[in-house]
Amino acid sequence: MELDELKSDWKNLTPDTKTGDALFQMIQRNSHPVLKGIRRQLVIETALFTVFLLVYYSGFNGDQKPLYTNVLLVTAMLLVIGHNILGYLAAQNIVAGSDLKVSLENYLVKVRRYAIVSVSSRAAAFICLILFFSSTVTFSSGKLLVLLGMLLVIPVQVFFLSRIWKKRIGNLKAMLKQLVEK
């Protein structure tokens, strides 16, 4: 196939449009790709945070750190895990309205709220993680630079997490718009 034919075929492709009934069935079965992506992220993150909590005390000398850093770290990780579990449960029951349009609108509101708490809790968990690991360090100028570099990761993390959620919310908005137009 020549490049021009390939370009022509590409331009003639029509996006996969779904009917309202097809979207409703996908939502009832919780099989939409956006929902699958959210669930996959929640399961992976929850598993990794749980493993970290199980090994951090012995693996990272939690007994030699101040008690408040242990409490902050465990609290932050449990907050993230609890938030993930709530998010997973919310993603299971997204049909909450008289019809598909109302259900999607309600779900979009829940996802926006969830995204804000999600990004905030991860930033807080990262701050607690830095506090835990730096609590017993005697800082030299080189170590202060490393700490500063680690602190600069927080806005980067917030930016990328916000972008992921913005994309997901945009996909849901597009799906809602597609549904309203039909």
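Which residues touch the most other members of the largest nonpolar core? Before the answer, a word on the model. It is predicted, so local features need pLDDT of at least 70 and side-chain atom pairs count only at pLDDT 80 or more, while totals for chains, interfaces and linings use all residues. Residues are numbered from 1 along each chain as its sequence is written, and side-chain values use heavy atoms, leaving out hydrogens and water.

Let's start with the overall fold. The chain has 6 helices and 0 strands, where helices are DSSP runs of H or I with at least four residues, strands are E runs of at least two, and numbering starts from the N terminus. Of its 182 residues, 34% are buried, meaning under 20% relative accessible area with a 1.4 Å probe, protein chains only.

Now to the core, a set of buried Ala, Val, Leu, Ile, Met, Phe, Trp, Tyr and Cys residues joined through side-chain atoms within 4.5 Å. Among its 19 residues, L104, Y107, V111, W165 and L172 touch the most other members. Helices α3 (33-59), α5 (100-134) and α6 (141-181) each give at least two residues to this core, and α5 has the largest share, with 8. Apart from this core lies another, of 12 residues, including F49, M77, A125 and C128.

Finally, look at how α5 and α6 meet. Their axes, lines fitted to C-alpha atoms over the stretch in contact, with angles from 0 to 180 degrees between N-to-C directions, come within 10 Å and cross at roughly 170 degrees. The two helices are therefore roughly antiparallel, the term for angles over 145 degrees.

Note on methods. Buried < 20%, exposed > 50% of the residue type's maximum accessible area, 1.4 Å probe, protein only. Parallel < 35°, antiparallel > 145°, perpendicular 65-115°, else oblique.
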